[in-house]
Amino acid sequence: STTVMGTGIFEQLHMLMTFEDTLCNLLLYPDEMHELIDVITEYRLEYMKLIVENLHPDAIISHDDWGTKTSLFMAPDVWREFFKAPYKKLYDYLHANGVLIVHHSDSFCEPIAEDIADTGADVWQGVLPTNDILSISEKLDGRMALMGGIDSGVDRADATEDEIRAEARRVCEKYGHLKHFIPSITYGGPGTIYPRVGDILIDEIDRYNKEKIGI
């Protein structure tokens with residue numbers, strides 16, 4: 001079984017004080033932000049304990065978006081200073097209790113991909129195609145699986161079947177040889193906005209698998 005924990009540490013911060021204030025305060029008031037992050041981390045840890053002890057999930061999808069389509073919201077060193085240790089604390093608890101971690105961030109996180117693996121995330125879900133997936137996979141060397149690659153731009157009412165199939169095929173052919181890659185749309189939840197798009201994507205991936213490996 002799998003459950004979802006939305007509104008990660010960074011997302012909780014910008015819900016409490018606006019997005020702009022969060023980014024400014026990380027630089028202007030680092031001590032106070034560390035203190036607030038510690039409080040949020042302890043809250044999320046208690047939340048995780050309730051889930052683990054009562055639902056006993058096999059995996060948790062943990063959401064926290066850290067960037068745009070082409071860049072992080074902050075310098076990599078700022079992310080490392082404020083968010084790496086708190087997430088490692090949370091994910092160490094989950095691993096100690098036999099729970100797999102799927103971290104969702106449909107963002108450009110290439111500069112911190114190895115750091116995400118260091119926190120203990122088993123899967124980075126939401127890897128936008130603007131990330132250099134081939135290079136990231138080589139650097140990770142199996143420490144963390146990558147899930148995504150399919151451009152969500154095909155999830156439109158007017159997208160043709162050929163266009164949708166071409167995008168799924170592109171991803172399978174470009175990344176299908178990687179040992180730790182899962183092709184998928186990059187959203188944080190199951191499915192697509194337009195259900196027919198998801199059905200076509202899955203069907204094309206199934207076709208590719210049958211052609212290449214017979215299953």
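The model is predicted, and local features require pLDDT of at least 70, side-chain atom pairs pLDDT 80 or more, while totals for chains, interfaces and linings use all residues. Residues are numbered from 1 along each chain as its sequence is written, and side-chain values rest on heavy atoms, without hydrogens and water.

Helix α1 covers residues 9-17; helices (H or I, at least four residues) and strands (E, at least two) are DSSP runs numbered from the N terminus. Its buried residues are Ile 9, Phe 10, Glu 11, Leu 13 and Met 17, where buried means under 20% relative accessible area, exposed over 50%, and partly exposed in between (1.4 Å probe, protein chains only). After α1 comes Thr 18, with a positive phi near 80°.

The structure contains 10 aromatic pairs. Rings of Phe, Tyr and Trp (its six-membered ring) pair if their centres lie within 6.5 Å; planes under 30 degrees apart count as stacked, over 60 as edge-to-face and the rest as tilted. The ring centres of Phe 10 and Phe 19 are 5.7 Å apart and the planes stand at 85°, so this pair is edge-to-face. Phe 10 is buried at 0% relative accessible area, whereas Phe 19 is partly exposed at 27%.

Trp 66 lies in the loop between β2 (59-63) and α4 (76-96), and Tyr 87 in helix α4, so the pair ties together parts 21 residues apart in sequence.
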